[in-house]
Amino acid sequence: MGFYSIFAYVTTLSVIIPTLLAFFKLKSLDTSLRLLSLYLTITTLKEFVCIYYSYNQWHNIHIYNAFRIVEFFIMPFIYYKSFTNKKFKEITKYAIVLIISVYLVNLLFIQGPFKFNTYTIITGRISLIIITLLYFFELLQKVETTSLYREPMLWISTGLLFYSIGSFLIHGLYDLHSNFPPDLSRKIWAINSILNLFLNLIYSIAFLCKPQSQK
């Protein structure tokens, strides 16, 4: 097993860190963080299954494709519950409907379950980028802007914004860079591994925060 493979496994399993933190702090979490806890728990189980498939040299793309509905439903729904601006809630609701529609059509009729579902990823990532930017806009409109570093949703949104941009470029263009030379392709996926590690560390910080107010 080469360096890139080991690095990918380690960064993938870094999701265990925020998942354990969520478990130990579950009673004190608000609705948004409880939803994130659910997402991370499902993600952890999915990663173990995919690693098991990979270890046995079985194809696991269909597992990742199936998981997209969990990711692209729960994460926007967290913002739907967090937003106070009614227009932003409406936009998020329509985004969820759009993502689910693209997911089902793409999975059943276009790319199918055994091909990397790039159309779903592109739709989901663009939606999450827009939603996180809406969160930052709403946050700037609030008067109580002191101690922002204590706001879990600020950390979540920061991590998710950077991750979504990177994931959009890497996963959304999968069909393009999958034809690159093997060494270059490994380096691209190493960037994806770094993004995974970054996002999981940000989620961990969010669980360690003591929010200024409960939703």
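This is a predicted model: local features need pLDDT of at least 70, side-chain atom pairs count only at pLDDT 80 or more; totals for chains, interfaces and linings use all residues.

Biologist: Are helices α5 and α6 roughly parallel or antiparallel to each other?

Modeller: Helices here are DSSP runs (H or I, at least four residues), numbered from the N terminus, and axes are lines fitted to C-alpha atoms over the stretch in contact, with angles running from 0 to 180 degrees between N-to-C directions. Helix α5 (residues 86-110) packs against helix α6 (residues 118-141) at an angle of about 170 degrees, the axes lying 9 Å apart. Angles under 35 degrees count as roughly parallel, over 145 as roughly antiparallel, 65 to 115 as roughly perpendicular and the rest as oblique. On that scale α5 and α6 are therefore roughly antiparallel.

Biologist: How many nonpolar residues does the contact of α5 with α6 have?

Modeller: Contact means heavy atoms within 4.5 Å, and the residues making this one include Phe 88, Ile 91 and Leu 98 of α5 together with Tyr 119, Ile 131 and Phe 137 of α6. Ala, Val, Leu, Ile, Met, Phe, Trp, Tyr, Cys and Pro count as nonpolar, Asp, Glu, Lys and Arg as charged, and the others, Gly among them, as polar. By these classes the contact of α5 with α6 has one charged residue, six polar residues and 12 nonpolar residues.

Biologist: What span does α5 reach from its first C-alpha to its last?

Modeller: The expected span of a helix is 1.5 Å times one less than its number of residues. With 25 residues, α5 has an expected span of 36 Å, and the model comes close to this at 34 Å.

Biologist: Which residue caps the N-terminal end of α5?

Modeller: A polar contact is a pair of N or O atoms within 3.5 Å; within protein, one must be able to donate a hydrogen and the other to accept it, and residues adjacent in sequence count only if both atoms are side-chain atoms. At the N-terminal end of α5, a side-chain oxygen lies 2.8 Å from the backbone nitrogen of Lys 87, and the residue that supplies this oxygen is Asn 85.

Biologist: Why does Asn 106 count as buried, and at what relative accessibility?

Modeller: Asn 106 is found in helix α5, and leaving aside neighbours within four places in sequence, Asn 106 is in contact with Gln 111, Gly 112, Asn 117, Tyr 119 and Thr 120. What covers the buried residues of α5 includes α4 (61-82) and α6. Buried means under 20% relative accessible area, exposed over 50% and partly exposed in between (1.4 Å probe, protein chains only). Asn 106 counts as buried because its relative accessibility is 1%.

Biologist: Which backbone oxygen does the side chain of Asn 60 reach?

Modeller: Asn 60 lies in the loop between α3 (31-55) and α4 and is buried, with a relative accessible area of 15%. Leaving aside neighbours within four places in sequence, its contacts are Cys 50, Tyr 53 and Ser 54. At 3.1 Å, its side chain reaches the backbone oxygen of Cys 50.

Biologist: Is Gln 57 buried or exposed?

Modeller: Gln 57 is placed in the loop between α3 and α4, and has a positive phi of about 60 degrees although it is not a glycine. At 74% relative accessibility, Gln 57 counts as exposed.

Biologist: How many of the 20 residues of α7 are buried?

Modeller: Helix α7 (residues 152-171) includes Pro 152, which is buried, with a relative accessible area of 4%. Helix α7 is largely enclosed by the rest of the structure, because its buried residues number 14 of the 20.

Biologist: Which residues is Ile 122 in contact with, leaving aside its neighbours within four places in sequence?

Modeller: Ile 122 is found in helix α6 and is partly exposed, with a relative accessible area of 27%. With those neighbours left aside, Ile 122 is in contact with Phe 168 and Gly 172.

Terms used
Residues are numbered from 1 along each chain as its sequence is written. Side-chain values use heavy atoms; hydrogens and water are left out. Helices (H or I, at least four residues) and strands (E, at least two) are DSSP runs, numbered from the N terminus.
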